Amino acid sequence: MAVTDHGPSVSDPLAGLRPTGAATGGLGLWVAHQVCAFVSMQHRDGIFTVRLVAGRPHP
């Protein structure tokens with residue numbers, strides 16, 4: 001699955017790898033990293049895309 005936004009990219013290179021601690025939001029990338037086997041973030045030509053592969057791979 002891919003999610004695309006015309007906003008800026010994430011400025012923190014560790015975004016999603018640790019919880020933000022914010023009670024009002026900002027945990028979406030962290031949750032994605034917890035439940036998805038693969039998460040990639042790409043910013044190109046003013047478009048920010050997050051690609052997700054759900055689940056965990058089988059051994």
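1. Strands β2 (residues 36-44) and β3 run antiparallel and are joined by eight bridges. Two strands are said to pair if DSSP finds at least two bridges between them. Within this pairing, M41 stands opposite V50 in β3.

2. The model is a predicted one, in which local features need pLDDT of at least 70 and side-chain atom pairs count only at pLDDT 80 or more, while totals for chains, interfaces and linings use all residues. Residues are numbered from 1 along each chain as its sequence is written, and side-chain values use heavy atoms, with hydrogens and water left out.

3. Strand β3 (residues 47-54) also pairs with β1, in the antiparallel sense, over four bridges. The bridge partner of A2 in β3 is R51.

4. The hairpin of β2 and β3 has two residues between the strands. D45 lies in the loop between β2 and β3 and has a positive phi of about 55 degrees, although D45 is not a glycine. Because its relative accessibility is 73%, D45 counts as exposed; the classes are buried (under 20% relative accessible area), exposed (over 50%) and partly exposed (in between), with a 1.4 Å probe and protein chains only.

5. T49 belongs to strand β3. This residue is buried, because its relative accessible area is 10%. Leaving aside residues up to four places away in sequence, T49 touches A2, V3, T4, S40, M41 and Q42, where contact means heavy atoms within 4.5 Å.

6. The largest nonpolar core consists of six residues: A32, C36, V39, F48, V50 and L52. Such a core is a set of buried Ala, Val, Leu, Ile, Met, Phe, Trp, Tyr and Cys residues joined through side-chain atoms within 4.5 Å. β2 and β3 each supply at least two residues of this core, and the largest share, three residues, comes from β3. L52 touches M1, A32, C36, F38 and V39, again not counting residues up to four places away in sequence.

7. L27, V31 and V35 make a nonpolar surface patch of about 220 Å². For such a patch, residues must have over 30% relative accessible area and no salt bridge, and nonpolar side chains (Val, Leu, Ile, Met, Phe, Trp, Tyr) are joined within 5 Å, like charges within 9 Å. A salt bridge is a side-chain nitrogen of Lys or Arg within 4 Å of a carboxyl oxygen of Asp or Glu. L27 is found in the loop between β1 (2-5) and α1 (28-35), and counts as partly exposed because its relative accessibility is 31%.

Technical notes
Accessible areas come from the Shrake-Rupley method with a 1.4 Å probe; for residues, only the protein chains shown count as cover.
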